[in-house]
Amino acid sequence: MVVASKLGLPEDYGYVLLAGVGSVFVNFWLASKVGKARKRLDIKYPTMYSQDNMEFNCIQRSHQHYLEGNPQFLMLLFLSGLEWPKVSAGAGMVYLLSRIVYAHGYSSGDPSKRRWGMFGYPALFTLLGGTIYLACRELGFVGQ
């Protein structure tokens, strides 16, 4: 590992940090979609899901799904990035793009259209593999 920062982070780790910041912007976008849908469809707070509006429920659910997976994504991104910064940052960006596509399809009101965003799971598994490798290296199971 080439260390090139005052924090002792690997060279090119800045790309990993930018991918992590990207997740904040995706979250902002999804939250704004829910807010706009509330206004347009007259869904009052604190209602989480409507009894009779599938479109709102799909928009809300796409945001909730993102929030449910975001902590795992960020942990895997930041840890895998310690081993392979550029690969991890690229996988992170692919994953975030897939969440946008997923939300776009799901927000149509037809839940089956969310499947178009499933292309991000190989990217997530890449981050998982990088994190497992990092753990194994730290434990001495694999060579430096």
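Mentor: Begin with a definition: a helix axis is a line fitted to C-alpha atoms over the stretch in contact, and the angle between two axes runs from 0 to 180 degrees between N-to-C directions. Keep in mind that the model is predicted.

Trainee: How many helices and strands does the protein have?

Mentor: It has 4 helices and 0 strands. Along the sequence the pattern reads α-α-α-α. The C-alpha trace spans about 55 × 30 × 20 Å along its principal axes.

Trainee: At what angle do H1 and H2 pack, and how far apart are their axes?

Mentor: In general, two packed helices are described by the angle between their axes and the distance between the axes. Here H1 and H2 pack at about 170°, and their axes are 10 Å apart. Angles over 145 degrees count as roughly antiparallel. H1 and H2 are therefore roughly antiparallel to each other. Sorted by class, the contact of H1 with H2 holds 19 nonpolar, 8 polar and 4 charged residues.

Trainee: Are H1 and H3 roughly parallel or roughly antiparallel?

Mentor: Read the angle again. For H1 and H3 it is about 10°, with the axes 7 Å apart. Under 35 degrees counts as roughly parallel, and H1 and H3 are therefore roughly parallel to each other. On the H1 side the contact includes Tyr13, Val16, Ala19, Gly22 and Trp29; on the H3 side it includes Pro85, Ala89, Met93, Leu96 and Ile100. By class there are 13 nonpolar, 3 polar and 1 charged residues in the contact of H1 with H3.

Trainee: Which residues make the contact between H2 and H3?

Mentor: First the geometry: the axes of H2 and H3, residues 85-106, come within 10 Å and cross at roughly 175°. H2 and H3 are therefore roughly antiparallel to each other. Among the contact residues are Cys58, Arg61, His65, Phe73 and Leu77 of H2, and Ser88, Gly92, Tyr95, Arg99 and Tyr102 of H3. The classes come to 11 nonpolar, 6 polar and 3 charged residues. As for spacing along a helix, an α-helix has 3.6 residues a turn, so residues three or four places apart point the same way.

Trainee: Where in H2 does a kink lie?

Mentor: A kink of about 40° lies at Asn70, shortly before Pro71, a proline. H2 covers residues 54-83, which is 30 residues, and reaches 43 Å from its first C-alpha to its last. That is close to the 44 Å expected at 1.5 Å a residue.

Trainee: Which residue caps the N-terminal end of H2?

Mentor: Asn53 caps that end, with a side-chain oxygen 3.2 Å from the backbone nitrogen of Glu55.

Trainee: With which residues is Gln64 in contact, leaving aside its neighbours within four places in sequence?

Mentor: Gln64 lies in H2. Leaving those neighbours aside, Gln64 contacts Met48 and Tyr49. Gln64 and Asn27 are 37 residues apart in sequence, and their C-alpha atoms are 9.8 Å apart in space.

Trainee: Which two residues does a cis peptide bond join?

Mentor: The general rule comes first: most residues other than glycine have a negative phi, and most peptide bonds are trans. Here a cis peptide bond joins Tyr45 and Pro46, with omega about 5°. Pro46 sits in the loop between H1, residues 13-41, and H2. Asp12, in the segment before H1, has a positive phi, near 75°, though it is not a glycine.

How values were computed:
Residues are numbered from 1 along each chain as its sequence is written. This is a predicted model: local features need pLDDT of at least 70, side-chain atom pairs count only at pLDDT 80 or more; totals for chains, interfaces and linings use all residues. Side-chain values use heavy atoms; hydrogens and water are left out. Helices (H or I, at least four residues) and strands (E, at least two) are DSSP runs, numbered from the N terminus. The expected span of a helix is 1.5 Å times one less than its number of residues. The bend at a residue is the angle between axes fitted to the seven residues ending there and the seven starting there. A polar contact is a pair of N or O atoms within 3.5 Å; within protein, one must be able to donate a hydrogen and the other to accept it, and residues adjacent in sequence count only if both atoms are side-chain atoms. Angles under 35 degrees count as roughly parallel, over 145 as roughly antiparallel, 65 to 115 as roughly perpendicular and the rest as oblique. Contact means heavy atoms within 4.5 Å. Ala, Val, Leu, Ile, Met, Phe, Trp, Tyr, Cys and Pro count as nonpolar, Asp, Glu, Lys and Arg as charged, and the others, Gly among them, as polar.
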